[in-house]
Amino acid sequence: MYSNYGNPSGMQMPPQNSQPVQFDNPLYGASSGLIRSGIGVYGEKFLGSSSEFMQSNINRYFSNPQYYFHVNDQYVRNKLKVILFPFFHRGHWTRISEPVGGRLSYKPPIYDINAPDLYIPFMAFGSFIILSGFTLGFMGKFTPAAINLQFTRALIGWGFQLMVLKGLLYSMGGGEVPLLDLVAYGGYLFAGLSLAVVARLMWAYSYYVMMPWMSLCMGVFLVRTMKRVLFTEMRSSERHSSRQHYFLLFMAIAQFPLFFWLGSIGA
């Protein structure tokens with residue numbers, strides 16, 4: 001009964017749709033496979049080049065953070081002597097290089113006294129904040145707000161030092177120095193500041209002797225260090241030598257107001 005209604009007599013049902021023609025074409029699967037493989041190869045090549053580009057830029061500008069903490073007691077003692085008394089450093093100021101992975105690299109601080117590190121800057125920064133708290137306590141001005149203000153000023157001073165070093169290198173066409181190198185060089189100022197604060201705690205009038213001396217020593221240390229970076233590591237052109245000397249002189253002079261501003265604890 002239902003079959004008669006579904007297929008009335010005298011009428012032909014339309015033929016069932018056959019599968020698409022492209023499945024019967026032997027070139028259809030091959031062409032789609034070639035397209036997929038081509039897209040895959042292009043994607044792998046693009047992602048590979050992008051990752052290599054990012055890795056090279058990270059290594060160039062930031063380097064490996066673990067490198068800056070590869071130190072020992074002997075390095076710390078010798079490095080502090082170079083920072084606090086650069087006039088008595090009789091050795092060379094150049095860094096020791098070594099081939100690593102087909103490219104030229106530098107030995108870590110434990111093997112090279114002239115290599116930058118972040119251990120001394122961070123420890124000196126913490127020591128300076130603690131000594132500032134002792135100074136505020138002896139002056140009867142210790143409050144959480146006062147120590148927080150000193151912490152903020154220290155960070156601003158570190159940032160200003162970093163901007164001076166970065167601006168010097170950028171003006172000389174040397175923006176490829178790793179950022180952590182400059183952070184380390186800028187943070188060494190807290191070693192001299194901590195020593196000056198200790199002297200002030202022992203004898204108040206020693207502040208007027210130690211602060212200019214530490215400013216001068218830091219200026220000499222930075223000038224000799226940045227001259228090495230400009231003329232040795234960066235291979236700068238000699239036509240900018242006079243301008244480089246002016247910038248180096250400005251960097252050395254800038255240490256005096258920076259030290260006195262950071263050293264004016266409780267002012």
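Reader: In which handedness of crossing does H5 pass H6?

Author: A crossing is left-handed if the near helix is turned anticlockwise from the far one by less than a right angle, and right-handed if clockwise; here H5 passes H6 in a right-handed crossing. This is a predicted model, in which local features need pLDDT of at least 70 and side-chain atom pairs count only at pLDDT 80 or more, while totals for chains, interfaces and linings use all residues. Residues are numbered from 1 along each chain as its sequence is written, and side-chain values use heavy atoms, with hydrogens and water left out.

Reader: At roughly what angle do the axes of H5 and H6 cross?

Author: Axes are lines fitted to C-alpha atoms, for helices over the stretch in contact, and angles run from 0 to 180 degrees between N-to-C directions. The axes of H5 (residues 119-138) and H6 (residues 144-171) come within 10 Å and cross at roughly 145 degrees, helices being DSSP runs of H or I with at least four residues, numbered from the N terminus.

Reader: Which residues in H5 and H6 meet?

Author: Contact means heavy atoms within 4.5 Å; among the residues that meet are Phe125, Phe128 and Gly133 in H5, with Ala154, Leu155 and Trp158 in H6.

Reader: Which residues does Phe190 touch?

Author: Not counting residues up to four places away in sequence, Phe190 touches Ala124, Phe125, Phe128, Ala154, Trp158 and Leu262.

Reader: Which residues in H4 are buried?

Author: Buried means under 20% relative accessible area, with a 1.4 Å probe and protein chains only; in H4, Tyr75, Val76, Lys79, Val82, Ile83 and Leu84 are buried.

Methods. Helix = DSSP H or I, 4+ residues; strand = E, 2+ residues; numbered from the N terminus. Buried < 20%, exposed > 50% of the residue type's maximum accessible area, 1.4 Å probe, protein only.
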